[in-house]
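Please read these points with the model open beside you. They go through the chains, their contacts and a few single residues in turn.

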Amino acid sequence: MVRKLPPVAQIAVLAMALIVIGGITLASRLPHPAPLPVLIALLAVAAVLVLADIVLLTRLRDFAWPLFFQVAKWTLLAYAVMYGILEFTFVYDHVTGSTLVVLTLMLVVFAVDIPLLFGFSVARYATPGPAKADSKLTT
Amino acid sequence: MADVLVTAPSRPKIQIVPVRGLPIVAVVVAGLVATIASNKLWPLEFYHVVGGGLWTALDLFLGLVIGPILAKMPVAARTEFSARFMPKMLLIMPTLVTMTLASGWQLARLVGNLEVGYPKHWWLTASFIVVGVMAVIAIGILEPANIAVLFEMRKPAPDGEVIAKLMRRFIYTAGITGLMQVATLVIMTRLSSW
């Protein structure tokens, strides 16, 4: 039986979509300078959505928190490799100043949003309580 | 009357992250970083074409061939297939996506595609939009469903209803990304013939 839970996943996907739109906006304007006000606005809304998600999650009772954190932790590790490559490419391509700051902050929002989404997507179907031995990610 | 020994099929042991595949991923990622750092045409084209070709072919095959077959199979058969198939996809797809996009971006910078003005630039913008939509679908819907199915199948008593619901989501989103890859093929062949 699946419990009724707040729309954490939908909000996380929306936040992700806003960051992706920011990336597309930036790339579509090249070689012209990045439209920073648009990017900052998208980043701010995405950050607020992720914060709202965190608030919604903290208000949950009887949730499989150990499993949530287990999945979120490994997701963060996997995606850190991708974020690292992206950041490396930005710096390698001489992206500097406020554009680099905004792009880095976008990656930070992603780094919170995606593990949160993956952790929630798994933990929502689990029985609340400590993580079971059979829920290890690797054997 | 002959005795017939009937044994229940044993459930496959599910390994969510196939550890043996991690060294291969590490080599591919290290090669990608070296390729970007070298900023040379051939390695960048190799990474982009190989990664993109495999990603597109896999998405098309999964979305338009495997997906419809899977949708018609009984839940038990789907579970059996997914238990062996999905952990591998968990390593293969993010690796292919990372190598394609990172090398593609650097390649576009190197050959000057990003400097091209509009209306030609629309082809590039269209490729960004297609990749963006596919990223949202893959990371936001498909991948969480994939991982949730694997965890559900590891339970002592998996909920068939949950698995069926998540598998449906997986099959539909794989179909959508498969169709979007057709747009990618059109755009990329157009870009390469500039």
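1. A crossing of two helices is called right-handed if the near helix is turned clockwise from the far one by less than a right angle, and left-handed if it is turned anticlockwise. With that in hand, look at α1(A) and α4(B): the crossing in which α1(A) passes α4(B) is right-handed. The model is a predicted one, and everything below should be read as a description of that prediction.

2. Two packed helices are described by the angle between their axes and the distance between the axes.

3. Which residues meet where α1(A) and α4(B) touch? On the α1(A) side they include Ala9(A), Val13(A), Met16(A), Val20(A) and Ile24(A). On the α4(B) side, Phe128(B), Ile129(B), Val136(B), Ile139(B) and Pro144(B) are among them. Sorted by class, the contact of α1(A) with α4(B) has 13 nonpolar and five polar residues, and no charged ones.

4. A second pair of helices across the two chains is α3(A) with α3(B). Their axes come within 11 Å and cross at roughly 5°. Angles under 35 degrees count as roughly parallel, so α3(A) is roughly parallel to α3(B). In this contact Ala78(A), Met82(A), Ile85(A) and Thr89(A) of α3(A) meet Pro94(B), Thr98(B), Ala102(B), Trp105(B) and Gln106(B) of α3(B). The contact of α3(A) with α3(B) divides into six nonpolar residues, three polar residues and no charged residues.

5. Now take the contact between the chains as a whole. It puts 32 residues of chain B in contact with 32 residues of chain A. On the chain B side, the elements that give two or more residues are α1 (22–38), α3 (75–111) and α4. Which element of chain B gives the largest share of that side? It is α4(B), with 14 residues. By class, the side of chain B that touches chain A has 22 nonpolar, six polar and four charged residues.

6. In soluble globular proteins, nonpolar side chains tend to be buried together. The largest nonpolar core in this model has 78 residues, and those that touch the most other members are Ala15(A), Ile19(A), Ala46(A), Val122(A) and Val149(B). The largest share of this core, 14 residues, comes from α4(B). Leaving out residues up to four places away in sequence, Val122(A) touches Leu67(A) and Val71(A), and also Ile147(B), Ala148(B) and Phe151(B).

7. Chain B has five helices and zero strands, in the order α-α-α-α-α along the sequence. The C-alpha trace of chain B spans about 80 × 35 × 30 Å along its principal axes. Of its 194 residues, 36% count as buried. Among contacts in chain B between residues at least 6 apart in sequence, 86% join residues at least 24 apart.

8. Is Ala34(B) buried or exposed? Ala34(B) has 11, so it is exposed. This residue lies in helix α1 of chain B. Its C-alpha atom is separated by 9.9 Å from that of Leu44(B), 10 residues apart along the chain.

9. Asp62(A) is not a glycine, yet has a positive phi of about 50°. It is found in the loop between α2 (36–58) and α3 (65–92) of chain A, and with 9 other C-beta atoms within 10 Å, Asp62(A) is exposed. Asn39(B), also a residue other than glycine, has a positive phi near 55°. Asn39(B) sits in the loop between α1 and α2 (41–72) of chain B and is partly exposed, with 14 other C-beta atoms within 10 Å.

10. Last, look at the peptide bond that joins Tyr118(B) and Pro119(B): it is cis, with omega about 10°. Pro119(B) is found in the loop between α3 and α4 of chain B.

Definitions and conventions. Residues numbered from 1 in each chain as written. Chains lettered and ligands numbered in written order. Predicted model: local features only at pLDDT ≥ 70, side-chain atom pairs only at ≥ 80, totals over all residues. Helix = DSSP H or I, 4+ residues; strand = E, 2+ residues; numbered from the N terminus. Contact = placed C-beta atoms within 7 Å. Nonpolar A, V, L, I, M, F, W, Y, C, P; charged D, E, K, R; others polar. Core = buried A, V, L, I, M, F, W, Y, C linked by C-beta atoms within 7 Å. Buried ≥ 20, exposed ≤ 12 C-beta atoms within 10 Å, placed from the backbone. Axes fitted to C-alpha atoms, helices over the stretch in contact; angles between N-to-C directions. Parallel < 35°, antiparallel > 145°, perpendicular 65-115°, else oblique.
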